[in-house]
Amino acid sequence: MKKRVLLGMSGGVDSAAAAKILTEKGYEVSGATFIFFIPETSDYPGQAAEDAAEICRKLGIRHYIFDMRRDFSKTVIEPFIESYISGETPNPCIDCNRTAKIPGLFQKADELGFEYAATGHYAKTDVCKTSGRNLLLCGSDKKKDQSYVLYNLTQNELGRILFPLGDLKKDEVRLIAAQAGFTKVVEKAESQDICFIPDGDYVNFINRRCPRKIQPGNFISQDGTVIGKHKGVPCYTIGQRRGIACAFGKPFYVTAKNPAANTVTLGEEAGLFSGELTAEKINLISIPEIIPGMEASVKTRYSQRSAPARLYPEDGGVRVIFDEPQRALTTGQSAVFYDGEKVIGGGVITCVSAK
């Protein structure tokens, strides 16, 4: 009997190629598209759902559409807004995978009797031969590797999830989709925006949905001197240089934010470097606990390279001490710990120190 797998399908080239690969490997595949967000003025589920349905028709497999808007609003959109208002810079893609996309996929898989779930992420899984723990590994395409946004996967989820694209490069994925006749999705441009803010204007989005409107305030220097006016604390991220309407005769960057005082601190680039961070909401994958002082490579943004550091368990969180100071460490982002290609685990950055 064929093993049944429920594949999350976004209507893009990655999940289309994943569907083709899984069917060729002999799985009984069904596609699942989750509707997480529809603009307030529309009831249209979106082009993505139609494109995913068309792929499934071409492959002769079943396609499901699930309305997850209520859960998504509660677990992703509301925390996203609150995080920005409180002075952090959140990563909604990580929150979505942790609270909506992956749990939702497994919930539907269980309800419908599927043994496995699958996605089009560029990552791999394995099993540790000594401990028996399920592992999360980097994808073979280092430019597309998405292990960073998947660090919250549980042992149970890792034992049942399939990543058909883990060993492939993006060009190979596009070729698979093209050869399968999925011309429409092959020609699609990759989305770089937050899915629920397609125009990229997250400040306007927050103002529309939050009763606490974003208020202008003061730019201040490192010593607290007022040096200009800002448009609102959520409008800026640590390390930002563009959009700062102050004339200093030299480059100035956002080095700190204080939502309580409604101030944004500006300084020279040297002020962006920090040697330590604390991460909380920790999820560990390859090991059951952090060994004090253990070495790891730590990645603090999806697009950044990892950097060598030592890890120390601390009050339910993890203190990370880098070998060399890192630029623009930002609360609300995630720190993910690696041992080579293997994900040790990770957590959300809650504190940054210059030490």
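Predicted model: local features only at pLDDT ≥ 70, side-chain atom pairs only at ≥ 80, totals over all residues.

Modeller: Residues are numbered from 1 along each chain as its sequence is written, and side-chain values use heavy atoms, with hydrogens and water left out.

Colleague: In which order do the five strands of the open sheet come?

Modeller: Helices (H or I, at least four residues) and strands (E, at least two) are DSSP runs numbered from the N terminus, and two strands pair if DSSP finds at least two bridges between them. Strand 1 (residues 4-8) and strand 4 (residues 116-118) run parallel and are joined by three bridges. The pairing in this open sheet is parallel, and the order is 3-2-1-4-7.

Colleague: Which residues of helix 8 are buried?

Modeller: Buried means under 20% relative accessible area, exposed over 50%, and partly exposed in between (1.4 Å probe, protein chains only). Helix 8 spans residues 202-209, and its buried residues are Tyr202, Val203, Phe205 and Ile206. They sit on the same side of helix 8, because their arc around the axis (taken from the directions from the axis to the C-beta atoms) is only 160 degrees. Part of their cover, where contact means heavy atoms within 4.5 Å, comes from helix 3 (69-85).

Colleague: How do helix 3 and helix 8 lie relative to each other?

Modeller: Axes are lines fitted to C-alpha atoms, for helices over the stretch in contact, and angles run from 0 to 180 degrees between N-to-C directions. These two axes come within 11 Å and cross at roughly 105 degrees. Angles under 35 degrees count as roughly parallel, over 145 as roughly antiparallel, 65 to 115 as roughly perpendicular and the rest as oblique. Helix 3 and helix 8 are therefore roughly perpendicular.

Colleague: Which residues of helix 8 make that contact with helix 3?

Modeller: On the helix 3 side, the contact is made by Ser73, Ile77, Phe80, Ile81, Tyr84 and Ile85. From helix 8 come Tyr202, Phe205, Ile206 and Arg209.

Colleague: Is Asp315 buried or exposed?

Modeller: Asp315 lies in the loop between strand 14 (307-314) and strand 15 (317-327). Its phi is near 50 degrees, a positive value in a residue other than glycine. With a relative accessible area of 82%, Asp315 is exposed.

Colleague: And Ala328, buried or exposed?

Modeller: Ala328 is in the loop between strand 15 and strand 16 (334-339), with phi near 55 degrees. At 6% relative accessibility, Ala328 is buried.

Colleague: How many residues of strand 11 are buried?

Modeller: Thr263, Thr265 and Gly267 point one way from strand 11, Val264 and Leu266 the other way, and all are buried. Strand 11 (residues 263-267) is largely enclosed by the rest of the structure, because the buried count is five of the five.

Colleague: Which residue in the turn between strand 10 and strand 11 has a positive phi?

Modeller: Strand 10 (residues 253-258) pairs with strand 11 in the antiparallel sense over five bridges. The two form a hairpin with four residues between them, and the turn residue with a positive phi, about 55 degrees, is Asn262.
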